[in-house]
Amino acid sequence: MFCNTSEVRSQRITWMKEDNVITHHNFSFYPNKYTGQEEKYGSTLTILNTTDLDFNVTYTCLSDVYSYDAVLWGNSSTIIYLPQYTDMRWTIIGKNVSVRLYIDNCFPVPKCRIMFQEDKLITHQQDNFRLKDWFYNGVIVITSHSVRELCGGNLTIVCMYGDSYYDSLRATVLQDCNVTDYADDGFGFQYGWTVMGILIPFISLISIGCLFSVYRIEKKMKTMRAIGSPRESQPLDVEQHEICSKTKNDLLQAYKEGV
């Protein structure tokens with residue numbers, strides 16, 4: 001808070017919170033809570049470790065025989081509390097970007113947008129927050145669309161708190177435009193994993209079918225070697241029963257003649 005005393009032409013200033021003196025000529029009676037700094041045209045009071053008890057109360061600046069009162073209102077133009085914890089989940093499909101942003105303990109609710117390089121993307125925000133002890137907790141879902149390909153540049157989430165304070169939550173470097181095989185780097189790229197999710201089961205089925213066919217062929221070859229090789233003019237899968245019966249009769253006849 002700044003108190004302008006240029007008209008009084010006095011720099012010996014006392015700050016009060018309601019009826020309690022908190023600083024006097026740069027000396028603080030509560031150094032862990034308040035500091036006063038006298039300047040050329042007045043004095044600045046800094047409130048440390050702020051709580052809800054510091055707002056919506058009257059502060060008084062005393063200069064010589066003059067006094068100035070002001071109420072420090074607690075609203076989005078005077079209070080900005082950045083989130084203590086954030087968790088983000090990205091999804092990028094083509095030219096569309098979706099971000100789910102989890103926020104704990106912030107004030108006020110931020111208005112966020114996504115930037116690609118220096119371009120502000122067309123952004124739509126949905127949020128679901130609950131208010132607890134002056135602070136908001138909840139989820140923001142941001143969806144954006146880019147007119148150009150999202151590659152070879154930086155993606156940044158920029159949030160505005162109140163009327164003028166901007167905070168950049170995260171900046172990410174995307175792969176070059178000539179790289180088509182995207183790897184999962186925590187941003188939820190869909191291309192590579194979608195294709196692999198389709199190909200892996202398909203390749204597995206083909207592999208199992210091939211192994212089963214090889215097993216059947218090897219089993220037939222073992223059977224043929226055990227009972228004698230068929231004539232080259234007969235295919236393996238035609239009249240198999242007759243081949244086996246004839247071979248069996250020949251073996252029995254040879255056995256009898258040997259006896």
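Lys-17, Lys-33 and Asp-54 are joined in a network of salt bridges. The model is predicted. In the whole structure, a search finds 3 salt bridges, and there are 5 aromatic pairs.

**Salt-bridge network**
- Asp-54 and Lys-17 meet through their side chains in a salt bridge, at 3.3 Å from N to O.
- Asp-54 lies in the loop between strand 6 (42-47) and strand 7 (57-63) and Lys-17 lies in strand 2 (residues 13-17), so this pair ties together parts that are 37 residues apart in sequence.
- Asp-54 and Lys-33 also meet in a salt bridge, at 2.7 Å from N to O.
- Lys-33 is in the loop between strand 4 (27-28) and strand 5 (34-39), 21 residues apart from Asp-54.
- Asp-54 and Lys-17 are both buried, and Lys-33 is buried as well.

**Salt bridge of Arg-148 and Asp-119**
- The side chains of Arg-148 and Asp-119 form a salt bridge of 2.9 Å, N to O.
- Arg-148 lies in the loop between strand 14 and strand 15 (154-161) and Asp-119 in strand 12 (residues 119-120), so the pair ties together parts 29 residues apart in sequence.
- Arg-148 is partly exposed, at 37% relative accessible area, and Asp-119 is partly exposed, at 37% relative accessibility.

**Aromatic residues**
- Phe-107, Phe-129 and Tyr-136 make up one aromatic cluster.
- Phe-107 and Tyr-136 are stacked, with 5.9 Å between centres and 15 degrees between planes.
- Phe-107 counts as buried, because its relative accessibility of 12% is under 20%.
- Tyr-136 counts as partly exposed at 21%.
- The ring planes of Phe-27 and Phe-29 stand at 90 degrees with centres 5.2 Å apart, so this pair is edge-to-face.

How values were computed
Residues numbered from 1 in each chain as written. Predicted model: local features only at pLDDT ≥ 70, side-chain atom pairs only at ≥ 80, totals over all residues. Heavy atoms only, no water. Phe/Tyr/Trp six-rings, centres within 6.5 Å; stacked < 30°, edge-to-face > 60°. Buried < 20%, exposed > 50% of the residue type's maximum accessible area, 1.4 Å probe, protein only. Salt bridge = Lys/Arg side-chain N within 4 Å of Asp/Glu carboxyl O. Helix = DSSP H or I, 4+ residues; strand = E, 2+ residues; numbered from the N terminus.
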